[in-house]
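Me: I have a new model open and would like to go through it. Can you take my questions one at a time?

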Amino acid sequence: MQNVSLITKKQEIASLILLNIELLPLLRRFDISLGVGDKTIHEICKAKEINVDFFLEIVNIFHNENYFPATKLKKFSIKEIVNFLKESHIHYNEEIIPAIEELIHKLVWAGDDHERNLKILKKFFDEYRKEVKAHTEQEEETVYPYTVFIENSCIENKKIDECYKKMKEYSITNYADEHNNIEEKLTDLKNIIIKYLPPSQNQDIAIKILNKLYKLEKDLYHHALIEEKILVPKILEMENILKELNSSEKA
Amino acid sequence: MLNTIFIIFEKSYLIRQGLTSLVKEIQGTEISGTYNSSDSFASIIKNMNPDIVIMNKELYSTITQQTLKALSLEYNFRLIAITNGLKDSKDPIFCKQFFYGEEKLEITKKIADVISQLSNNKKKVKDNNKISGRERAVLECVAKGLTNKEIAEKLFISAHTVITHRKNIVKKLGIKTVSGLTVYAILNKTR
Ligand SMILES: [Fe+2]
Ligand SMILES: [Fe+2]
């Protein structure tokens, strides 16, 4: 691990945001409001009943480009991870993406091609919105419930049979294999706006869009990292435990 | 137009000063550094990304030909040597040589020559980044949603060639997804 400045629980939450403004959206997803005073991460998490290990893991992933999640050492539940991921989905689908969409609608180009350019850009982004929606819906309807189910069975040591049946049909490895990259189109859109769109009359808006695309791209990248490097390995471990339990039960 | 970036490596302070003022007199030039040794040559090149490097041959001898060649290829700069007057044709890596005591006018002319070579060359690089007619045809098929096999049949080329074209298109445009390519194709249609 290189150039990593780990965030610790003794740090003040305000200094965290001042250090890296990109961490700001995370507060919302943990339901922490501004006006944090000089409270430390530890204090806030305690007051809000947030697992501090999980909180630190998430802020470190978003803060350090090279941070690699250390799943096995940290103690936090699947439910916590899933809750955070769902909150993030809401943020993407209901705020960030609609805000970009609105800005795209406001773009005005010089020249006769205005109508056509606006139309294809809108269409492109409309497709993207649907793609993200489908992706997150699939996770919320299939993947996340499965992970919570596996966790419960593992903790309560119950319904091992049922669980084993389920695992035969679907395993978290299916998800890991199929999980696709939803930032790619954003990269393309950035490229198109920077290089290939004829100049818009409204450079301010174009720049705002680029800023938002850049942030969303990063955000989604980290989100996928949490899904693939924390959620998946944890469930994989549990699936293995359950498999063993099942075979020993039968023996 | 972007300025042509120069870096000078020369032991003698006077020669450095002389060359600096000479280069500055030429329009569209910029000197991003002068050095009296070639110690951290590679890292200077990487950081400055110059177009033209002027270097005394004495300093050059501490750098291997290989390194020099590799760097000049990667960072695409031209080398001009400052020499003691003996013409040395064994150094193909230098595109020009300055001699001690050479007329100012001569030197200026040589620099101007290299700059004009450079701009021709850059144009070529730019053209290479444009997509070719064949690639455009493939791109339009992609935008229409045709599969590789369908494109191959339509354009009478092999599926393998289609894939190669697609790879080049992605590389040249920096656009990866089909819908991104579609937007590009529509934006650039017959204008
Ligand atoms: Fe997700
Ligand atoms: Fe995902």
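The chat below covers a metal site and then an interface.

Reply: This is a predicted model, where local features need pLDDT of at least 70, side-chain atom pairs count only at pLDDT 80 or more, and totals for chains, interfaces and linings use all residues. Residues are numbered from 1 along each chain as its sequence is written, chains are lettered from A and ligands numbered from 1 in written order, and side-chain values use heavy atoms, without hydrogens and water.

Me: Which protein donors does the iron ion (ligand 2) have?

Reply: H135(A) (NE2), E139(A) (OE), H179(A) (NE2) and E227(A) (OE), at 2.1 to 2.3 Å. Donors are N, O and S atoms within 2.8 Å of the metal (3.2 Å for Na, K and Ca); water is not among the atoms, so sites may look incomplete.

Me: How far apart are the two iron ions, ligand 2 and ligand 1?

Reply: They are 3.2 Å apart, and E139(A) coordinates both.

Me: Is E139(A) buried or exposed?

Reply: E139(A) is buried, at 0% relative accessibility. H179(A) is buried too, at 12%. Buried means under 20% relative accessible area, exposed over 50%, partly exposed in between (1.4 Å probe, protein chains only).

Me: New topic. How many residues of chain A are in contact with chain B?

Reply: 15 residues of chain A contact 14 residues of chain B, where contact means heavy atoms within 4.5 Å.

Me: And how many salt bridges across that interface?

Reply: The rule finds zero; a salt bridge needs a side-chain nitrogen of Lys or Arg within 4 Å of a carboxyl oxygen of Asp or Glu.
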